[in-house]
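Hi,

Here is the model I promised to pass on.

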Amino acid sequence: MRDFYEVLGVSKTASADEIKKAYRAQAMKYHPDRNPGDKEAEAKFKEAASAYEVLSDAEKRQRYDRFGPAGLGGNASGGAGGFGGFQERDIEDIFRNFGDIFGGHSIFDGVFGGGNNRRSRAGQRGVPGGNLRAKLQLSLEDIADGVEKKINVKKYVSCKSCNATGSADGDAGYTTCTTCSGTGEVRQVARSVFGQFVNVSACPTCNGEGRVVKNKCRSCYGEGRIMGEEVVSINVPAGATDQNTMTVRGGGHAGIRGGPSGDLNVEFEEVTHEHLVRDGLNLFYELNLSVVDAALGADVEVPTLKGRVKMVIDPGTQSGKLLRLRGKGIPDVHNRAQRGDQIVRVQVWTPKNLSQEETRLLEKLRHSPGVQPPVKKTEDKQSFFSRMSAFFN
C-alpha cells in the first residue's frame, strides 16, 4: 500500500483544504469516464478515494500518522462496536461520496456524460438518520482486559404505530411526488470551465424518496420515528486509550420513514485510578517505604490491576529506585500479545513526628558510619540520565 500523502501528492503537514483540493485534482484526472477502459487509471482513482477517506477524517488521519496502515485496524472486522478494517471500495460507493467534494451528487454527471441515474435515490425508502456522539467512562481494569458496556442513548427510534412508514395507512398511504415525478431528484443545468454540466440534488419536497405521505401517522406526524431511548452494547477492545472513538454502525438516530439509521460515535474517557497512573502501555505506582524497611529490606504488597502482589525490597534500597513488574501493564490495542509493564518507584518516607524514644534511638545512630550517605562523584551524577534511558530501553 502506497503512502496516502504520496498518493495525493501533499505533505504530512497539509491542511484539510489542501488535501481536499489535491483529491479533487486526482479524481478529475483519473475519473473512469475520462479514461474509458484504462484499468490503471481506475486503480489510481480508487487509490485516491481511499487516501482521501483517511486523511480527510481527523481521527483516522491521527491514527494513520502514528501507526501507519496498522492504525486503521488492519483486517479487523467492522461491525457494531468494532474499530473496523479499511477495505477498498468499488466505483459506485466512491461516486456516492462525491457530494462532499463537488456539491450535489457529482460534477462528473455532465462533464463526462457518465452515470446519470446510477446514483439516483429514487426507490430508496425513507431518509437516513443522523449520527450521535456519546462518552463512555472506563476504568483501567476495563481497559486492561476489554469489556462489554451498555449505555442508554436518547435518540429517535422507529414509530411502532405505523411500523416506521409515517403513514396511518401503512405502505399503501403514499402518493408520487409531483415535484420530481417520483425520481427523488431535481436537476439544474449549469456551465463551468469544463463545459456544461448537470448538478443533481435530492428533491426538497420528498427529501429524495420520490413519494409523499397522504395520511400522516398521529404518533409520529408522518416521520416514521419518535424520540425515545435505546440500550446500546459497546464492545470495548483491550488496550483502548483515552479519547479513542468507536463507531457503532446503526446506533444513531432512526431514519425518517424507514430510512437507514445513523451511527453512534462513542468517545472513551479514562477514569483516574486510585493508585496507578498510565503512560502508554505502562503503569506507574509510587511505593512509600519507611527508612527502616529501606535499610533492612522487607516484603511488601503493591496494588496491580489484578489485585495486590508481593514484592521483595532488598536491604539498602534507595529512594527513587525503579522496580519492574513485567506484563502487569496495558495490552496493545493492535497486538494483544504485546503488553506493557508496571513500574514501581520507591519513595523512602522520612518521619516528621517522632516520640522521645524514637528521637533518642535515631540520635544514637546519627554519627554511626553505616548510616552516613556516600559522597557522590561527578561521573555518577552525569550517568544518571543514561541509566534511566537504559532502564526503559
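Below is what I found, going from the whole chain down to single residues.

First, the ground rules. This is a predicted model, so local features need pLDDT of at least 70 and side-chain atom pairs count only at pLDDT 80 or more, while totals for chains, interfaces and linings use all residues. Residues are numbered from 1 along each chain as its sequence is written, and side-chain values use heavy atoms, with hydrogens and water left out.

The whole chain

The protein chain has 12 helices and 17 strands; these are DSSP runs numbered from the N terminus, helices being H or I with at least four residues and strands E with at least two. Of its 393 residues, 39% are buried. For burial, the cut-offs are under 20% relative accessible area for buried, over 50% for exposed, and partly exposed in between (1.4 Å probe, protein chains only). The accessible surface comes to about 23,000 Å², and 48% of that belongs to carbon and sulfur atoms; the areas come from the Shrake-Rupley method with a 1.4 Å probe, and for residues only the protein chains shown count as cover. Among contacts (heavy atoms within 4.5 Å) with a separation of 6 or more, 66% are between residues 24 or more positions apart.

Helix α3

Helix α3 covers residues 39–55, which is 17 residues, and reaches 24 Å from first C-alpha to last, close to the 24 Å expected. That expected span is 1.5 Å times one less than the number of residues. At the start of α3, a side-chain oxygen of Asp-38 comes to within 3.1 Å of the backbone nitrogen of Glu-40. The buried residues of α3 include Ala-41, Phe-45, Tyr-52 and Leu-55.

Salt bridges

There are 23 salt bridges in the structure, each one a side-chain nitrogen of Lys or Arg within 4 Å of a carboxyl oxygen of Asp or Glu. Side chains of opposite charge can pair when their charged atoms come close.

- Lys-44 pairs with Glu-40, with the closest N and O atoms 3.5 Å apart. Both lie in α3, 4 residues apart, about one turn of the helix. Lys-44 is partly exposed at 29%, and Glu-40 is exposed at 55%.
- Glu-148 pairs with Lys-150, again with the closest N and O atoms 3.5 Å apart. Glu-148 is partly exposed at 48%, while Lys-150 counts as exposed at 58%.
- Glu-286 pairs with Arg-345, where the closest N and O atoms are 3.2 Å apart. Glu-286 is in strand β11 (residues 282–290) and Arg-345 in strand β17, so the pair ties together parts that are 59 residues apart in sequence. Glu-286 is partly exposed at 43%, and Arg-345 is partly exposed at 34%.

A buried proline

Where does Pro-331 sit? Pro-331 is in strand β15 (residues 331–332), and is buried with a relative accessible area of 0%. The C-alpha atoms of Pro-331 and Gly-239 are separated by 4.9 Å, although the two residues are 92 residues apart along the chain. Leaving aside neighbours within four places in sequence, the contacts of Pro-331 include Ala-144, Leu-281 and Arg-339.

Cheers

Note on methods: Polar contact = N/O pair within 3.5 Å; in protein donor to acceptor, adjacent residues only side chain to side chain.
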